[in-house]
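Please read the following briefing alongside the sequence and the coordinates. It is grouped by topic.

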Amino acid sequence: MPTHTSSLPRRQALGFSAALILPLLLLTCLPWQPFMSNSLQSGWLWWPYALTRMVDLPGLAVSIAALLLLTRHKLALGLPATLALGGALFAVLAGDWAIKSLVKHLTQEPRPYLLWLESQNLIPAIQQFYASKVEVRSEQVHAASLLLALPEWLGNHWQAEVNYAFPSGHSIAAMSLAQFFGLIWLTRAPTGVWLLPLWALGIGLSRMLIGMHWPQDVLASALLGSLTALLGARWWLRRY
C-alpha cells in the first residue's frame with residue numbers, strides 16, 4: 001500500500017477545521033437566534049429544509065454515496081481502498097450517532113420551535129410535553145401546525161422531531177462528512193475541497209432557521225464531528 005502523502009498537512013487541516021468551527025462560534029456568541037418564527041409561512045424557508053434533507057434519510061445515503069464515488073474518482077482508488085474508505089466513514093458516523101444519542105439523553109435540552117409553541121400556548125408546558133410519550137407529542141405538534149397553517153413539509157418535519165435538541169444529529173453528520181472527505185481531499189486532491197465546509201455550514205444554519213436547534217447545538221456538533229472525522233481520516237490515510 002502506498003505510504004506517500006499519508007500524513008495530513010497540519011496547517012491546512014487546522015485552517016479547514018477553523019472554517020467549520022469559527023463561524024459557528026461567532027454565531028453562538030451573538031445575541032441572535034436564527035429561528036425565523038415570523039416567517040414560517042414563507043416559501044423561501046423550503047430551501048433550508050431541502051438542505052436539511054441531504055443528511056436525513058434517505059438523503060444521507062445519497063450524500064454518502066455521491067461523496068464516496070467522487071472521492072474514488074478524484075483519487076483513482078481501487079476497490080480495496082474504496083471499501084476501507086467506506087468502512088472508516090461508517091465507523092465515524094456510527095460513533096457520532098452513539099455519542100449524540102447519549103448526550104441528548106443526558107442534557108435533555110428543548111428544541112427552539114417547541115419553546116416557541118409553548119410560548120404561544122399551542123402545546124402544554126415544556127416539562128409536561130416531554131413527559132408524554134413520543135406519539136402524544138407528535139399529535140400535539142401536528143395539531144399546533146394545523147392551527148398555525150404551516151406548510152405541510154414543515155409541520156411534518158416538526159412532528160417527526162419531538163425529541164431533544166443538543167447536539168444536532170443532522171449537523172454532526174454534515175460536519176463529519178465535510179471534515180472526513182475534506183481532510184482526505186486536502187492531502188491527496190484538494191480541488192473543490194472548500195465547497196465542503198460551505199455545504200456543512202449551510203446545513204447547520206438550516207437546522208437553526210427552521211427551529212430545530214440552537215447555535216450551541218450546531219457548534220457542539222461541529223466539534224464532535226470534526227474530532228471523529230479526523231480520527232477516521234488519519235486512519236485511512238496512513239494505510240492507503
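Phe 180 touches Leu 85, Ala 88, Leu 89, Val 92, Ala 229, Gly 232 and Ala 233, where residues up to four places away in sequence are not counted and contact means heavy atoms within 4.5 Å. The model is a predicted one, in which local features need pLDDT of at least 70 and side-chain atom pairs count only at pLDDT 80 or more, whereas totals for chains, interfaces and linings use all residues. Residues are numbered from 1 along each chain as its sequence is written, and side-chain values use heavy atoms, with hydrogens and water left out.

**Nonpolar cores**

- Phe 180, Phe 181, Ile 184 and Trp 236 touch the most other members of the largest nonpolar core, which has 46 residues; such a core is a set of buried Ala, Val, Leu, Ile, Met, Phe, Trp, Tyr and Cys residues joined through side-chain atoms within 4.5 Å.
- At least two residues of this core come from each of H1, helix H3 (59-75), helix H4 (79-107), helix H9 (169-188), helix H10 (195-209) and helix H11 (215-239), the helices being DSSP runs (H or I, at least four residues) numbered from the N terminus.
- H9 gives the most to this core, with eleven residues.
- Apart from this core lies another one, of 23 residues, which includes Leu 40, Leu 117, Val 162 and Leu 209.

**Helix H10**

- H10 is mostly covered, since eleven of its 15 residues are buried, where buried means under 20% relative accessible area, exposed means over 50%, and partly exposed lies in between (1.4 Å probe, protein chains only).
- Among the buried residues of H10 are Trp 199, Ile 203, Arg 207 and Leu 209, and the buried residues of this helix pack against H1, H2, H3, helix H8 (152-160), H9 and H11.
- The end C-alpha atoms of H10 are 21 Å apart, which agrees with the 21 Å that its 15 residues should span at 1.5 Å a residue; the expected span is 1.5 Å times one less than the number of residues.
- Gly 211, which follows H10, has a positive phi, near 85 degrees.

- Pro 23 is found in helix H1 and is partly exposed, with a relative accessible area of 40%.
- Pro 23 and Leu 201 are 178 residues apart in sequence, yet 8.3 Å apart in space, C-alpha to C-alpha; with neighbours within four places in sequence left aside, Pro 23 is in contact with Ala 18 and Leu 201.
- Leu 26, Leu 30 and Trp 32 form a nonpolar patch on the surface, with about 320 Å² of accessible area together, the areas coming from the Shrake-Rupley method with a 1.4 Å probe, and for residues only the protein chains shown count as cover.
- Patches are made of residues with over 30% relative accessible area and no salt bridge, like charges being joined within 9 Å and nonpolar side chains (Val, Leu, Ile, Met, Phe, Trp, Tyr) within 5 Å.
- Trp 32 lies in the loop between helix H1 (10-29) and helix H2 (46-52), and is partly exposed at a relative accessible area of 46%.

**Salt bridges**

- The count comes to two salt bridges, each defined as a side-chain nitrogen of Lys or Arg within 4 Å of a carboxyl oxygen of Asp or Glu.
- Arg 53 and Asp 56 meet through their side chains in a salt bridge (3.5 Å, N to O); Arg 53 is partly exposed at 30% relative accessibility, whereas Asp 56 is buried, with a relative accessible area of 17%.
- Glu 161 forms a salt bridge with Arg 111, with the closest N and O atoms 3.2 Å apart.
- This pair links distant parts of the chain, as Glu 161 is in the loop between H8 and H9 and Arg 111 is in the loop between H4 and H5, 50 residues apart; Glu 161 and Arg 111 are both buried.

**Backbone geometry in the loops**

- The peptide bond from Leu 57 to Pro 58 is cis, with omega near 5 degrees, and Pro 58 is found in the loop between H2 and H3.
- Phe 166 and Pro 167 are likewise joined by a cis peptide bond, with omega about -10 degrees, and Pro 167 lies in the loop between H8 and H9.
- Ala 76 is not a glycine, but has a positive phi of about 50 degrees; Ala 76 is in the loop between H3 and H4 and counts as exposed at 67% relative accessibility.
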